[in-house]
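This report looks at how two protein chains meet and how each of them is built. Please keep the sequence and the structure in view while reading.

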Amino acid sequence: MVLGKGASSSLSRKMVDGVENMVSNCNDFTVLVVDDDPVIRKLHDMHLKKFGLRAQVVENGKKAVDLCHFGTIFNLILMDKEMPIMDGVEATKELRAMGVNSLIVGVTSRDSQYETQTFMEAGLDFCFEKPLTADKISFILQELNKKN
Amino acid sequence: MVGTTLSQELKNYIQSMHDQGVLDHHFDHVKALQNEENPQFVMEVISMFCQDAEIGIAEITRFLNAPVVDFAKVINLVHQLKGSSSSIGGQRMALACRELRQASENRDKERCLEIFERMKQEYNTLRGCLNAISQMERTILENETRRRNP
């Protein structure tokens, strides 16, 4: 399931033709992975590497907010919803309140439509169910390319 | 060649785990991330998953056996287990976690304990499967290393 502001494109659109272009454009993008599960962090990091992206990884929302507060800029933030210390909803609200205009993509294992909607309303651009796959990352990178 | 036979054996084994519902397509996505630069990726993920799962299960045991169950903590732990088991492709374990979460949200201790037993069984099955895969991956890698460095 993907939720997004105006998301209408199919996940596989331009994937075959556009993958090489996407990879060559990706190398300058900075990515932050925010998730308290080390397995998920490792998987997402590896997925992103396959697209030529290097990610910073942190384990809770507060660390993500602190990084941005101290001036680190990310093109893309992959944000888990449920984390200790500061969850994804709170972190997303704080980042948007700080003026962070990175593409923020929620990644959640929550089944509830209501919970996902609440997460979206915090300021996400898109929200996906875990785990991320190559298709979902392709879609995200297409959106990132559009934004940049 | 021995390596090729083992690779086929591994494929067949993974397929049989799919057929039994122990693994789903998410495991294939994990496997697809492995490459020459990261030949031990699958083994590393399996090791990480099992280590974290065992810690999580021990913690859930502690909380469920307490005189007064802290269901909020149980929910958080189960949520994490659900996420990681789902991501590694352990669909039966992930399903058991979902049910355990529901029972925890209903604050039904008896139901929690019942489902928790089933979740642990699913974890044991999944762990056995993942350990077998890890062992085959290790042997394939060793054979490949020996082939390249005779």
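## The interface between the chains

Between chain A and chain B an area of about 1,900 Å² is buried, and carbon and sulfur atoms give 61% of it; buried area here is the accessible area (1.4 Å probe) that two parts lose on being put together, summed over both. On the side of chain A, the residues that lose the most area to chain B are A:Val39, A:Lys42 and A:Met46, which together make up 30% of what that side buries. The contact, meaning heavy atoms within 4.5 Å, takes 16 residues from chain A and 24 residues from chain B.

This is a predicted model, in which local features need pLDDT of at least 70 and side-chain atom pairs count only at pLDDT 80 or more, while totals for chains, interfaces and linings use all residues. Residues are numbered from 1 along each chain as its sequence is written, chains are lettered from A and ligands numbered from 1 in the order in which they are written, and side-chain values use heavy atoms, with hydrogens and water left out.

## Salt bridges

A salt bridge is counted when a side-chain nitrogen of Lys or Arg lies within 4 Å of a carboxyl oxygen of Asp or Glu. Across the interface of chain A and chain B the rule finds 2 salt bridges, and the side chains of A:Lys42 and B:Glu44 meet in a salt bridge with an N to O distance of 2.9 Å.

Over all chains, a search of the whole structure finds 21 salt bridges. The side chains of A:Lys130 and A:Asp35 also meet in this way, at 3.3 Å from N to O. A:Lys130 lies in the loop between strand E6 (126–129) and helix H6 (134–147) of chain A, whereas A:Asp35 lies in the loop between E2 and H2 of chain A, so the pair ties together parts that are 95 residues apart in sequence.

## The build of chain B

Helices (H or I, at least four residues) and strands (E, at least two) are DSSP runs, numbered from the N terminus. By this rule chain B has 6 helices and 0 strands, and its C-alpha atoms fill a box of roughly 60 × 25 × 20 Å, taken along the principal axes.
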